[in-house]
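Dear colleague,

Please find the structure below, handed over for your study.

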Amino acid sequence: MIITERSVGDVTILDLDGRMTIEDGTDQFRAVVGGLIRQGKASLVLNLQAVSYIDSTALGQIVRAYTSATRLGGGLKLLQVSARVQQLLVVTRLLSVFDVFDAEREAVNSFGRPRVP
């Protein structure tokens, strides 16, 4: 999996690309998010547009990232979730936990910071 980090104001967007599984990407994801949290960057958007598959271990890491970000006064939002990943969120009843957005601007603005034009 490839993770690209970028910022829009105080919000950090992680563009994820590839499969997110115990064998491919979960450790990398945990390290990247852990580093951001240690830096106090707790407003996170995960762009899942290019993620084809998420296993239960990776889903657990996303939940852990959500919890860590929320404890710091931020949050974790999901962007451009594929139908397959959305079905996983429905089955695990996590769809009601996460805010899911189709547009990046809406996800960024949902943190209540200055609006992105």
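A residue is called buried when its relative accessible area is under 20%, exposed when it is over 50%, and partly exposed in between, using a 1.4 Å probe and protein chains only. By this rule R6 is partly exposed, with a relative accessible area of 28%.

Please note that this is a predicted model, in which local features need pLDDT of at least 70 and side-chain atom pairs count only at pLDDT 80 or more, while totals for chains, interfaces and linings use all residues. Residues are numbered from 1 along each chain as its sequence is written, and side-chain values use heavy atoms, with hydrogens and water left out.

The sheet and its helices

Helices (H or I, at least four residues) and strands (E, at least two) are DSSP runs, numbered from the N terminus. Two strands pair if DSSP finds at least two bridges between them. Five strands make up an open sheet with mixed pairing, in the order β1-β2-β3-β4-β5. Because β1 (2-8) and β5 (99-101) each have a single partner strand, they stand at the edges, and one side of each is left without a neighbour in the sheet. On average, neighbouring strands of this sheet are turned by 25 degrees against each other, direction ignored. For such angles, axes are lines fitted to C-alpha atoms (for helices over the stretch in contact), and the values run from 0 to 180 degrees between N-to-C directions.

Within the sheet, β3 (residues 43-54) and β4 (residues 75-79) pair in the parallel sense over five bridges. In this pairing L46 stands opposite L78 in β4. Helix α2 (residues 56-71) packs on the sheet and touches β2 (11-20), β3 and β4, its direction making about 135 degrees with that of β4. Contact here means heavy atoms within 4.5 Å. Helix α3 (residues 83-91) lies across β3 and β4 and runs at about 110 degrees to β3.

Where is D15 placed? D15 is in strand β2, and it is buried, with a relative accessible area of 16%. Apart from its neighbours within four places in sequence, D15 is in contact with I2, I3, T4, R6 and N47. The side chain of D15 also makes a polar contact of 2.9 Å with the side chain of N47. A polar contact is a pair of N or O atoms within 3.5 Å; within protein, one must be able to donate a hydrogen and the other to accept it, and residues adjacent in sequence count only if both atoms are side-chain atoms.

Salt bridges

Side chains of opposite charge can pair when their charged atoms come close. A salt bridge is a side-chain nitrogen of Lys or Arg within 4 Å of a carboxyl oxygen of Asp or Glu. How many salt bridges does the structure hold? The structure holds four. In one of them, the side chains of R6 and D15 meet at 2.6 Å, N to O. R6, D15 and E104 are linked in a network of salt bridges.

R30 forms a salt bridge with D27, with 2.5 Å between the closest N and O atoms. R30 and D27 are separated by about one helical turn, because they are three residues apart in helix α1 (residues 26-38). R30 is partly exposed, at 38% relative accessibility.

K77 forms a salt bridge with D99, the closest N and O atoms being 3.2 Å apart. This pair links distant parts of the chain, with K77 in strand β4 and D99 in strand β5, 22 residues apart. K77 is buried, with a relative accessible area of 10%, whereas D99 is partly exposed, at 36%.

With kind regards
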